[in-house]
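Here are some notes on the model, point by point. Please read them alongside the coordinates.

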Amino acid sequence: MGSEVAATTRRETEAPATYIGLKTRARTLKLNNGSVSASSQQQGSTEIKKKKKESHKPTVDKKYSQWKTLVPILYDSLSNHSLVWPCLSCRWGPQFEQASSKNQQRLYLTEQTDGNVPNTLVVANCEAVKKQLNREACSPLVKKYKTIIHPGEVNRIRELPQNSKIVATHTDSPDVLIWDTETQPDRHAVVGAPHSRPDLILTGHQDNAEFALAMFPTEPFVLSGGKDKLVILWSIEDQITAAGTDSKSHGSSIKQSGEDSSKTGGRSVGPRGVYHGHEDTVEDVAFCPSSAQEFCSVGDDSCLILWDARTGTCPAMKVEKAHDADLHCVDWNPHDNNLILTGSADNTVRLFDRRNLTSNGVGSPIYKFEGHKASVLSVQWSPDKLSVFGSSAEDGLLNIWDYDRVGKKSARAPKSPAGLFFQHAGHRDNVVDFHWNVLEPWTIASVSGNCESNGGGGSCRYGG
């Protein structure tokens, strides 16, 4: 990844006086007989999270201090953007300006507030610097372009790859919301402000769907999972106009015909397929890059399930015990359709080959990557190299791995976990989401909250 100098932006306003903790994938506390006490569940969950945070903090602070001293030699460029509120998700959007030294590109961020002011989906403008920065070049590289007032917390953002100005969001409701970020009006997030109106509402879940969300690379298909244990597939092809293939179009790419179907406004679209197979909350979903009819999902039942919409709504393959705990994330390799990554509360990332997934129903991974000290929250393959992927976790780290390096000893870091070749320690709390930039090779955006002692709020880093 080269070398870097940090470029820091100031907060637009002061951080909130009370720290707003990031939403975590908190689990129920089971009693010896398998039942759950409501009061003990809440108390136990709070105590466990507090102890985990206290145990991780010295390690996170130490790594962060070490990382700051190494910034100039680790990166080609790095932007450090402080956020007033914690951020739960980030995604790269379309590029809108090209220049010899730097490109201008959209970046989607979220703001998880305390409820006194609205939650928002933020569209920001970013400068992707092509040449190595120097200290005199440090300047704000992230600037808010537009604010969309979101009806509830924005737990997950996913962009439509064919037209990345269109995004889907998950909130604390059963619906998936679709937004045309270019045609949505800019709003002021003040007390009492009404919600922005989504362009489409995807219906079908029977309970809240918070995290599991994916969009197919080449066609307008949307995939979701939720607390109802369901995986749901939609096609929004009929709702996308011809303008949807032209990212420079100023008109909306989403048809606005039809009547509003809910209080939040927007036209509703029903599911193309509803898939049953999980026994607990579905935490993440991913499409097979070569087929919108094939996809996979993971959940709190420790299962990895492969689906084929052409053969029905039952699992095509079910791995009963893919990890030793809840699964939080999954990603399908864009270069090799046989390789699937999973991340879990057991602190590991596992690599599966779908030609050999199980041994008597139990997960049989190609390799188990052990480098995190807390729950893995996100995994994603690199768009630039088949064997490279990233993983982020509650330990405050974003790790970059290369499967091809497993088994090869490193003279510079002989004690590092197998396959680990880069570690980004620029966050002070859970790294809840990150995204490789397909337009700028080896560039990643990542987001987290800030630890309470650091004033709360959130942080966004991007660089390479």
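1. Take the span 369-402 to begin with. Residues 369-402 are 0% helix and 53% strand, and the end C-alpha atoms lie 10 Å apart. Helices (H or I, at least four residues) and strands (E, at least two) are DSSP runs, numbered from the N terminus. For residues 320-353, the end C-alpha atoms are 15 Å apart, with 0% helix and 50% strand.

2. Some ground rules. This is a predicted model: local features need pLDDT of at least 70, side-chain atom pairs count only at pLDDT 80 or more, and totals for chains, interfaces and linings use all residues. Residues are numbered from 1 along each chain as its sequence is written, and side-chain values use heavy atoms, leaving out hydrogens and water.

3. Next, a sheet. Four strands form an open sheet in the order β16-β17-β18-β19, with antiparallel pairing. β16 (282-288) and β19 (317-319) are at the edges; each has a single partner strand, so one side of each lacks a neighbour in the sheet. From one strand to the next, the twist averages 15 degrees. Axes for such angles are lines fitted to C-alpha atoms, for helices over the stretch in contact; angles run from 0 to 180 degrees between N-to-C directions.

4. Inside that sheet, β17 (residues 291-299) and β18 (residues 304-308) run antiparallel and are joined by five bridges. Pairing requires at least two DSSP bridges between two strands. Cys 296 stands opposite Leu 306 in β18.

5. Now the aromatics. The whole structure holds 11 aromatic pairs. Trp 436 and Trp 442 have ring centres 6.0 Å apart and planes at 70 degrees, so this pair is edge-to-face. Rings of Phe, Tyr and Trp (its six-membered ring) pair if their centres lie within 6.5 Å; planes under 30 degrees apart are stacked, over 60 edge-to-face, the rest tilted. Trp 436 is buried at 1% relative accessibility, whereas Trp 442 is partly exposed at 29%. Buried means under 20% relative accessible area, exposed over 50%, partly exposed in between (1.4 Å probe, protein chains only).

6. Ring pairs also link Tyr 367, Phe 369, Trp 381, Phe 389, Trp 401 and Tyr 403 into a cluster.

7. Finally, a loop. Asn 360 lies between β23 (358-359) and β24 (362-363). Asn 360 is exposed, with a relative accessible area of 81%.
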